[in-house]
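Subject: Structure handover

Hi,

Here is the structure I promised you. My notes follow below it.

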Amino acid sequence: MKILIRGGTVVNASGPIAADVLVEGEVIVALGARGSDLAGSWVQGADRIVDATGMLVVPGGIDGHTHMEMPFGGTQSADTFETGTRAAAIGGTTTIIDFAIQSKGHSLREGLDAWHAKAEGNCAIDYGFHMIVSDVDEASMKEMDVLVDEGVTSFKLFMAYPGVFYSTDGQILRAMQQASANGAMVMMHAENGIAIDLLVAQALARGEGDPRFHGATRPALLEGEATHRAIQLARVAGAPLYIVHLSAAEALDEVVAARDRGDHVFAETCPQYLFLSEDDMARPGFDGAKYVCSPPLRDRRHQVDLWRGLRTDDLSIVSTDHCPFCFKDQKELGRGDFSKIPNGLPGVEHRMDLIYQGVRRGELSPERWVDVTATTPARMFGLFPKKGVIAPGSDADIVVYDPRPTRTISAATHHMAVDYSAYEGMAVDGAVATVLSRGAVVAEDGTYTGVPGHGSFLERGLNRFL
Ligand code: URP
Ligand code: ZN
Ligand code: ZN
């Protein structure tokens with residue numbers, strides 16, 4: 001099957017070019033200058049021509065932080081691998097990296113096998129796994145090396161959630177030493193969980209159970225403090241570090257200081273921290289529960305710093321931390337006690353659109369949009385140049401993006417298996433027109449056109465920055 005994408009502007013992280021793209025089978029075979037004899041000669045042999053006139057032709061999005069079917073807070077995130085990856089495809093994301101979980105008392109292998117079983121044969125797009133390490137001991141450290149050889153090359157540790165995922169500083173340092181030796185990336189949930197638990201208990205004792213107190217008990221200072229501590233531990237171990245879901249200026253300051261020193265410290269932020277705020281958590285009644293995630297949504301002033309961080313590359317990536325729980329039945333679990341509200345927001349379908357608003361508002365260039373949503377995730381997580389770039393030899397994961405339409409985000413029209421949208425009523429400029437995943441057209445104009453099970457597991461390499 002040969003597909004010709006014709007008349008568009010190809011935008012890679014390196015910049016825009018007026019070029020037609022020829023896809024053969026699962027890969028991109030050539031780029032030809034728009035209007036050239038070479039590109040013109042491809043029309044004859046094409047099985048399908050996608051008219052991209054007036055549109056941007058960009059690498060398929062890579063969402064490096066999702067939680068499909070994740071057990072959490074006595075329930076499970078609402079999207080399965082099938083529904084979540086379908087929604088991702090419709091929204092222009094052609095790769096997800098989800099988090100497999102080691103349960104306490106079990107091996108990394110058991111956790112990884114369980115996640116393979118959930119995903120295999122069900123995904124609309126390609127997928128990889130990070131591994132959450134809940135028990136740092138000598139056995140799990142040995143297993144880390146084995147997983148790296150199997151293409152699971154990044155490991156998340158938690159400074160938050162004591163009794164669940166939490167690791168002590170000593171355990172974190174030990175895992176970082178292992179990563180320093182085997183080349184893996186340590187990903188850190190940087191919030192001081194011990195201090196937060198005290199604040200939560202005190203708030204509940206005062207009768208402060210509404211969703212907004214979730215934010216009040218997780219102050220930005222304790223994200224900054226944990227980020228600082230994680231960076232120092234990584235320096236001691238001589239390991240690279242990736243801070244997940246960074247939400248606060250205090251944490252960003254620590255990342256900036258580390259990067260200015262030349263440390264291998266990287267960070268992602270998420271659309272919810274760029275567009276939503278603590279005001280959403282304080283919505284009347286129990287509606288604020290829809291916005292409960294950790295770290296929590298912050299004061300709007302942090303957003304200025306986060307956009308600046310994306311421009312200056314102090315923030316390298318935008319991932320969603322997609323972890324949807326239905327308002328009815330799931331978020332309800334925490335009515336009257338915010339600490340029982342399952343943490344997480346839906347977002348996998350709208351990341352490309354939301355960050356494109358940054359382009360329209362003058363916060364980011366089009367190539368930086370591509371960089372933070374596709375190219376840097378590919379390089380950071382060992383997928384480049386198979387993914388993250390429109391170039392001969394790369395997988396034909398391509399999004400044809402129309403900058404002209406204006407749409408309104410709504411739960412009534414989204415495809416995620418969750419009964420509300422965190423961005424309900426928000427008008428966005430631009431729309432995903434056509435999505436190719438390894439040469440197959442998986443979505444067109446908001447409709448899924450793929451075959452379930454098309455997505456395959458990606459064995460990832462090591463980080464390409466080091
Ligand atoms: O609230 C969040 N972020 N839920 C997902 C789990 C995590 O810590 O990433
Ligand atoms: Zn986390
Ligand atoms: Zn997460």
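The zinc ion (ligand 3) and the zinc ion (ligand 2) are separated by 4.1 Å. Bear in mind that this is a predicted model.

Start with the zinc ion (ligand 3). His-65 (NE2), His-67 (NE2) and Asp-321 (OD) coordinate it at 2.0 to 2.1 Å. The site is tetrahedral, and the angles among its four donor atoms run from 88 to 132°. Along the chain, the donor spacing reads H-x1-H-x253-D. His-67 and Asp-321 link distant parts of the chain, 254 residues apart. His-67 sits in the loop between β7 (61–66) and β8 (71–72). Asp-321 sits in the loop between β16 (317–318) and α13. Both His-67 and Asp-321 are buried.

Now the zinc ion (ligand 2). Its protein donors are Lys-156 (NZ), His-189 (ND1) and His-245 (NE2), at 2.1 to 2.2 Å. Their spacing is K-x32-H-x55-H. Lys-156 lies in strand β12 (residues 154–158) and His-189 in strand β13 (residues 185–189), so this pair ties together parts 33 residues apart in sequence. Lys-156 and His-189 are both buried.

Last, a helix pair. The axes of α13 (residues 351–360) and α14 (residues 366–380) come within 9 Å and cross at roughly 145°. The crossing is right-handed. From α13, the contact uses Arg-351, Met-352, Ile-355, Tyr-356 and Val-359. From α14, it uses Pro-366, Trp-369, Val-372 and Thr-373. By type, the contact residues of α13 and α14 are seven nonpolar, one polar and one charged.

Best wishes

Note on methods: Residues are numbered from 1 along each chain as its sequence is written. Chains are lettered from A and ligands numbered from 1 in the order in which they are written. This is a predicted model: local features need pLDDT of at least 70, side-chain atom pairs count only at pLDDT 80 or more; totals for chains, interfaces and linings use all residues. Side-chain values use heavy atoms; hydrogens and water are left out. Donors are N, O and S atoms within 2.8 Å of the metal (3.2 Å for Na, K and Ca); water is not among the atoms, so sites may look incomplete. Helices (H or I, at least four residues) and strands (E, at least two) are DSSP runs, numbered from the N terminus. Buried means under 20% relative accessible area, exposed over 50%, partly exposed in between (1.4 Å probe, protein chains only). Axes are lines fitted to C-alpha atoms, for helices over the stretch in contact, and angles run from 0 to 180 degrees between N-to-C directions. A crossing is left-handed if the near helix is turned anticlockwise from the far one by less than a right angle, and right-handed if clockwise. Contact means heavy atoms within 4.5 Å. Ala, Val, Leu, Ile, Met, Phe, Trp, Tyr, Cys and Pro count as nonpolar, Asp, Glu, Lys and Arg as charged, and the others, Gly among them, as polar. Four donors count as tetrahedral if all angles lie between 85 and 135 degrees; four count as square planar and six as octahedral if opposite donors are over 155 degrees apart and all others between 65 and 115; anything else is irregular.
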